[in-house]
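Please look over the structure below.

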Amino acid sequence: MGETKTVEKSAPKAKKTAKSSKNAKGAKKTLVIVESPSKAKTIGKYLGPSYKVVASVGHVRDLPKSKLGIDIENDFEPQYIAIRGKGDLIKELKKEAKQAGKIYLATDPDREGEAISWHLAYLLGIDPASPCRIEFNEITKDAIKNAVKHPRPINLRLVDAQQARRVLDRLVGYQISPLLWRKIRRGLSAGRVQSAALKIICDREKQIRDFVPKEYWNIGAVFRKEKQFAAKLTEYNGKKLVVETGEQAQAIINELKAGTFTVESITRKERSRRPLAPFTTSSLQQDAVSKLGFTTKKSMMIAQQLYEGVEIKGHGTIGLVTYIRTDSVRISAEAREAAKAYIQDRFGPSYTGNTVFSNKKKDIQDAHEAIRPSNISLDPESIRDSLTKDQYSLYRLIWTRFLASQMAPAVFDSMQVSIRCGSYLLKASGSKLLFDGFQKVYNTNMEEDRDSFLPLMEEGEILKAEKITSEQKFTEPPSRFTEASLVKDLEEKNIGRPSTYAPIIATLLERKYIERQKKTLLPTDLGFLVTDMMEEYFHEIADTGFTAEMEDKLDDVEARGLEWKQVIRDFYGTLSEELKVADEAIEKVQIEDQVTDEVCELCGRPMVIKSGRFGEFLACSGYPECKNTRAIVKTIDVKCPDCGGDIVVKRGKSGKVFYGCSNYPSCKKAFWYKPTNKKCPQCGSLLLERKTKGSQLACSNDQCGYRE
């Protein structure tokens, strides 16, 4: 699973929300521990006063950041510690646990969530074999109440599967990354899945660079019978025809012009288009990227908000979608029946479908349902005013995809005509929509599904060609990956898990191994350098086949009870030898710094661009004699309202971006959110890009409260 989940600020909240652990009648409350504060708030409303719901805010114990944290000599025993900054929160959880009559661990229903529950059980002195664990696939009142009625022990297979991934990723990351620091530069990293993903992107770029285009020609004819229609030349003497030169094309055109076109056969039949399966994590990321223009990271962030709960007018805070980390296309019988009733009521019984979807993997990927609306009756338009623009867009995508999956197929009248001219065969096809079915709510935008009528013809009929067409074409190289196509490729190659795709892509971008060029992902020279080094000295880690095989072994820990430490033992023997060889064999790589037009104000030498913990900065090329550094100033074309200086992008000590006046320290005007040139119509202050429910801009004056 890699690094821990994002740690939100939480310890102060735990104290702030702490109330008596007894209800009004004096009985001890049941303590329920979830992962996020927003989820705690939603679930607390459903369970009522007899329960106390608090948040662990992700992991509470993990491997230390300052060292490897794995006792290699003691059979790879993990050395877990309380996460830095979580001390007050852990004390509060222990206090609540002592006062509670019963404790339920309600972390996310996946490997990571199971591991968090296991760590919580350790800290709170709970027997993991006791019925202390509850799980739910959706945050609705019925799902929560049902989960409380069916507690279970902690699933140690799930825990071991998470530990195996965590230890494996730590061994790779913490032992290869320092090597990259020493040999190339600080701040670089390698990872079990990250390195394989980077190699996929680099390999594609090499294919594009090495590609040699080949000429070919498309030949066709345009006929008219009631209306104009086109046919494409496909065969010669019963074999597929490929026309490679202009001379060859012209010779064929001359033969066609001299020949007679006869309708050889007409095939007419009904063709149906089945709906797509409801979303998995991977397919949701792909559609959100291609249809909404989201990044994978943004897709998962918005989906998490929809899962954890949104305040809906007339309904309170409710979880709008089921759990968002799933490889399964299965849906529950209750959800199927609810969708069927909704479709019959809204569109009529002819629109209800019975398509059965099956999962690609049979072992453990069916643990959860597909991603679907928690309540199908909450259609996107009815709750639009309660959602941000992005929340609405993603919820609508999920809602329509699920509803369509339960609808009848679309039906088309398709017609294909074969037209003979001597030894040549041309084909024309047409299609007409007879019944829209699922396309009533979800359009697949497939070319073959668009209406393209052919006139009625008879076999043996002679046709007259209005013109013979030819078009010179060249074969094209494979396309660069977009985030959507990379996610699809990673899933098909069984590299990593869908829940890790977004952070992997984000890491590759952050490390400057790849960059976005328009919507495509382009490897940088640094990305190629790291990949070449990994391929030469750590071949297995960079190899996609080995990574996929390792993924299956990690799955077997959960599915078949394979001992997780055995997986580590088998892997580490090779890795330790490769580390020794690489450290001795790799020479220090000198990467030339990018020289700028900026001049050091202390010594007059040119400034160069360096990379640091918080991104790029300017440094004197005379280092170490001159150690002058300067931030790279990025303006946003907005003037400071106090002094008229430029507003520039800055970073605080924590690395968080903010926007401040370029005349600092004489002017200390600053904003946490990006200011715009628009002014508040109520008070005249600048409006900030601050997306909240139902609004995109907010007044920078805290006393005003204007939104639009």
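Ser177 touches Val172, Leu188, Ser189 and Ala190, leaving aside residues up to four places away in sequence. Contact here means heavy atoms within 4.5 Å. This is a predicted model, where local features need pLDDT of at least 70, side-chain atom pairs count only at pLDDT 80 or more, and totals for chains, interfaces and linings use all residues. Residues are numbered from 1 along each chain as its sequence is written, and side-chain values use heavy atoms, with hydrogens and water left out.

Ser177 sits in helix 6 (residues 156-183). Helices (H or I, at least four residues) and strands (E, at least two) are DSSP runs, numbered from the N terminus. The Ser177 side chain reaches the backbone oxygen of Gly173 at 2.6 Å.

Thr280 lies in the loop between strand 11 (261-273) and helix 9 (281-292). Its contacts, not counting residues up to four places away in sequence, are Thr326, Asp327, Ser328, Val329, Ile371 and Glu491.

Buried means under 20% relative accessible area, exposed over 50%, partly exposed in between (1.4 Å probe, protein chains only).

| Residue | Relative accessibility | Class |
|---|---|---|
| Ser177 | 7% | buried |
| Thr280 | 7% | buried |

How do helix 10 and helix 12 cross? The axes of helix 10 (residues 296-308) and helix 12 (residues 389-405) come within 10 Å and cross at roughly 85 degrees. Axes are lines fitted to C-alpha atoms, for helices over the stretch in contact, and angles run from 0 to 180 degrees between N-to-C directions.

How values were computed: Polar contact = N/O pair within 3.5 Å; in protein donor to acceptor, adjacent residues only side chain to side chain.
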